[in-house]
Amino acid sequence: MAAATDFQLNKTEEIMEGFLCPVCLQDLTSIAQLQVHFEEKHSAEDKALLNSLKSIFSKARKLLNDSDTEDDAPCASKLPESKAGGAKIYSNIFSQNSVPPCLPNCNDPWNWQNTATVPQRSHTSLFKTIRSDRIDTYVAETNKLLLRLDKLLADAPSDPVKRKAQERELVPWVDDACVPLCPDCGRSFSALTRRRHHCRLCGAIMCNKCSIFMSMAFAKQLVAPVHVATLMSGSSAQGKSSPGHSRGNSGSRHVLDGSAGFSLRRSGSQGSLNSIASMMDQLTGEQHLRVCQHCHQRVCARDRAVQQRQHQPLLALLYRKLMTDRATLYRLLPQYRTMAASLWSGESVYNLSDACELRLKVLRLGDSINATAQKIKTLGPVEVQQSQLNDPENQPPLGPRQELLQKRIYQSAAAFLKTNVLGLDKLPDAEELQQLQTKRREQAARRLAEERKAAELAELRAEQALIKLRQRDAEVITTRNARDRSLNSSGSSAHERRALVHRPSPGASVGEEGWGGDADAHVVTATDDPVVQQMNIIRNYIKQAREACRYEEVSTLEKNLKELQVEYRRLNGTT
Amino acid sequence: MSKETSAARPGQRVTNGGGAAAGGPGKICQFKLVLLGESAVGKSSLVLRFVKGQFHEYQESTIGAAFLTQTVCLEDTTVKFEIWDTAGQERYHSLAPMYYRGAQAAIVVYDITNQDTFGRAKTWVKELQRQASPNIVIALAGNKADLANKRMVEYEEANTYAEENSLLFMETSAKTAMNVNDIFLAIAQKLPKNESGAGGSGNTGNINVGSSRTQESSSGCCK
């Protein structure tokens, strides 16, 4: 078919058909020739793309050919490319359909859609104004209800009649004559079978069936101080949500979602007619507060909103636990390390049992961290769904981000444990400790002996020097000059001074022992002995310090206890 | 007693943080500090104010001695005070020597509204000078400075006495926190911050004396 129309093509200028080169529009009579031509002249182009476009090009090109010269003239003139380049442009248009099609500025040559003519209209601001109006209304309404409730509860007289008067005073009741039918169920009122009742919060009239008794406990929970107290006790870490905040706008804002429908319907609930004080009200008035469904749902919705804000995802709770454990561990570790090091070096500053206990504590904390981290890691959609059931509103579904978060938390905890707990230094056992301590004592003793020897040596030398000096003095009788003498004597006195310093130090405490004097005078009886009393106090301190893992202080206190014991023994010995 | 012991805890918390933080750059010095003075002059209140920042109008009288710790950071060193707050009552006087023995610092407290307590403070200073370690830093604190209208001890009188005996002197008020931190800081600054000062708490007393002696004797040998 194509071959038949070969020669007519040149004459028909408007419609071109045949084996046209897609790029330069040359007619190439046969497929083979077209292919050869294309590979020779346009091989630089993206063949695959062009091939794929081949079918549409034949059609598109024709349309574009016309518009090219007219509409897109400015675009084309901007581009330095030749016609061959033009193909590239269009191919790019096809390939770049991901480019956002409606940029505000239509100078973009890629943007061949006629965007300028499409008017854009934003409804966001309108939406926002409407929405904020609504929110304000609901917030105000809910707050009004709560304020009324607060007043109703604040100083309610116990006498039902007075109470009713107070209720009517606080909330203007709708006149009975205005409401012929129950606005909720649409039934007519009668003096006996279907009496009129007033909502204590909004004053509207409804029948008994359509009213709800709100329990006093719930009402009290709703109004501020108690509510705040439960809020605080519910989650101590929720301290940020101040009472003002929870009662404020944002608190009630959630209410709107739940109660939007009711308040709209309520506007039609202005009815008629009159009521007599009902026995029912009097009987139940002490325990309950009669409210209409709308008010009830509204306050309930607010309560739910507040509770929801208090509610914390399990993940957050677990994470907090993890972090506190980590902090304690971090606090304990340096202590443990110093204790272990001290024990290994054979010092007797710390108790082995204390160290063991601390080690156990550290390990237990590590276990707890590990367990929490595992829980966080496996905290899957199941738990989240469970909490969703408890709290049907706006629990975000478990997304990949949360999964990632959980994984990260686990990894960090694992890394923390690996660096801090797994490599926990071992403690020497009792035997080893004894060996270490004896070794240390021996070393200390040896050092002391050496020092003493050195001191003696120094003394000896000093004496020798003195003797020598004297000898020299004796030898050199009068011919010595003054400078020599002063030099030597200063050297010897330095030696003497050092020796003096050494002498008292082996028994350093001797000098400080002078406190006997009036100690005995004040000891009245053994039971009333301040020393015994103080010993008990110190024991108590030690216990507390041990519980608080303040082992340094334990050692200080134990030292003091020993002192006290020595003192006590001394006193008992002397008296 | 339970009050005192519970008071000890927050102090420990502070120390804990300080000790952990100061592991790297500055050195940590530990000092034993003892509070002495007539009963009801405000020793415990002073310590409580310093350690916990609290003040109780009706502080119970101390039994025996209370133990608290607090850390003070100076420019380059961290000073950890082990504070022994002794009972001022006469019957506990026998315990005092045990606490000022080996103490590097002492605060002798008197009440500026009571002349007798000042006299008692003087005897405490005398006792310390005679029987405590010779290089003990003694501070004299005229407490209850907020009650200046009932003053019985003149500032000048106490100040001259302190100068004569080379004591640190400040008038303090645990109630208004006036000069409370200052007096402890002044003590911390006056205390020697070398090795022996830090080790003086005595855990490793023997060893320390030994090692310092090795240095001396070796230097003696070489010279």
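## Terms and model

Helices, in the sense used here, are DSSP runs of H or I with at least four residues, and strands are E runs of at least two, both numbered from the N terminus. The model described is a predicted one.

## Two non-glycine residues with positive phi in chain B

B:Asn179, which lies in the loop between β6 and α6 (180-190) of chain B, has a positive phi of about 60 degrees although it is not a glycine. Its relative accessibility is 23%, and B:Asn179 therefore counts as partly exposed, since that class covers the range between 20% and 50%.

B:Ser166 also is not a glycine, yet has a positive phi, of about 45 degrees. This residue is placed in the loop between α5 (155-164) and β6 (168-171) of chain B, and because its relative accessibility is 56%, B:Ser166 counts as exposed.

## Packing of α14 and α16 in chain A

Two packed helices are described by the angle between their axes and by the distance between those axes. In chain A, the axes of helix α14 (residues 352-377) and helix α16 (residues 400-422) come within 8 Å and cross at roughly 160 degrees. Because angles over 145 degrees count as roughly antiparallel, α14(A) and α16(A) are roughly antiparallel to each other; their crossing is left-handed.

On the α14(A) side, the residues in contact include A:Leu363, A:Gly366, A:Ile369 and A:Lys377, while those on the α16(A) side include A:Gln406, A:Tyr410, A:Phe416 and A:Val421. Sorted by class, the contact of α14(A) with α16(A) comprises 10 nonpolar, four polar and one charged residues.

Terms used:
Residues numbered from 1 in each chain as written. Chains lettered and ligands numbered in written order. Predicted model: local features only at pLDDT ≥ 70, side-chain atom pairs only at ≥ 80, totals over all residues. Heavy atoms only, no water. Axes fitted to C-alpha atoms, helices over the stretch in contact; angles between N-to-C directions. Parallel < 35°, antiparallel > 145°, perpendicular 65-115°, else oblique. Left-handed = near helix turned anticlockwise from the far one by under 90°. Contact = heavy atoms within 4.5 Å. Nonpolar A, V, L, I, M, F, W, Y, C, P; charged D, E, K, R; others polar. Buried < 20%, exposed > 50% of the residue type's maximum accessible area, 1.4 Å probe, protein only.
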